[in-house]
Amino acid sequence: MKHTIALTGATGFIGNRVARRLVANGCKLQALTRITSDRSRLSGLNIHWVEGALEDLDSLKRLVHGVDAVVHCAGAVRGATQAHFDRLNVDGVARLVQAVSEQHPLPRFLLISSLAAREPEISPYAFSKRQGEVVLSAKSGQIPWTVFRPPAVYGPGDREMLPLIRWMARGIAFVLGSGNTRFSMLYVDDLAEAIRYWLLDDCSQEQVLELHDGHPGGYSWQDVIATFERLGTKRVRRVHVPVAGVRLAATLNFIAARMLGYEPMLTPAKLRELRHPNWVCENAAITRETGWKPHVSLEDGLKRTLDMN
């Protein structure tokens, strides 16, 4: 695969695995990076680093110059305000589309969004991800674009789900409230492979595609707990965490973040995301369009995640 690809978010959890997969498959990679970003996990790879930021149009123009496709993984997942999420997840997309629109010929554009975009009213993060998709559609002009909406993505290097996974490996599952939610999951390397398939397919149809690990109907918390019990020799004890307690903690964290100036993960809005009853998605369209199919089951993915951390 001899493509020249512009990649954002390469030093992040998902972007790191995408960068490795694309370089390993013969792509020439141009990756955006802040001066302060830690590139050590990608040291030794043949990557042309472009110093800049999503807020800097000139650096984005340098990033996308002469490329065949743009894979946009960067974005905000933590935050206390709508403005913070919008600055990266909406305005960043708009700026990158503007940079791409000035290229000749026009590169293809793949936006890595989130399944949360399906429910934009649920949180500032979800709203910003949907608006990023809207901006791409509205401003793309003749740019061929696709949106991927992955569900919960996990694997080595993940900072969000890894603590929960490690506690389950120790035999304790913290379950919020009744735990009556269903959700799809996706191992990070399967997402990276889906991106590679999209590049190979050369599809130019404008579309939004969901993807998951192939488990029909998603998972319940009991399904995940049962998977851990198959992996180890101990039973996993469910610890029900009261919603009221988490809501109080989220509110206090939100207030502290506004006062101290940090970007929080646990907020009242994030709690609404966690309590949403249906984060199940469907694979049929992406398989039909690109031929991609997931290969890493939940059991295998959890085993790889625990072995490598």
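# Cysteines and rings

Student: Is C27 buried or exposed?
Tutor: C27 has a relative accessible area of 7%. This is a predicted model, where local features need pLDDT of at least 70, side-chain atom pairs count only at pLDDT 80 or more, and totals for chains, interfaces and linings use all residues. Residues are numbered from 1 along each chain as its sequence is written, and side-chain values use heavy atoms, leaving out hydrogens and water. With buried meaning under 20%, exposed over 50% and partly exposed in between (1.4 Å probe, protein chains only), C27 counts as buried.

Student: How many disulfides does a search of the whole structure find?
Tutor: A disulfide is a pair of cysteine sulfur atoms within 2.5 Å. The sulfur of C73 is 13 Å from the closest cysteine sulfur, in C27, so that's too far for a bond. Search the whole structure, and the disulfide count is zero.

Student: How many aromatic pairs are there?
Tutor: Rings of Phe, Tyr and Trp (its six-membered ring) pair if their centres lie within 6.5 Å; planes under 30 degrees apart are stacked, over 60 edge-to-face, the rest tilted. By this rule, the number of aromatic pairs is four.

Student: What kind of pair do Y154 and Y187 make?
Tutor: Their ring centres are 5.6 Å apart. Their planes meet at 70°, so the pair is edge-to-face.

Student: And what kind do F183 and W221 make?
Tutor: Here the ring centres are 5.0 Å apart. The planes are at 55°, so this pair is tilted.

Student: Are F183 and W221 buried or exposed?
Tutor: The pair links distant parts of the chain, 38 residues apart. Both F183 and W221 are buried.

Technical notes:
Helices (H or I, at least four residues) and strands (E, at least two) are DSSP runs, numbered from the N terminus.
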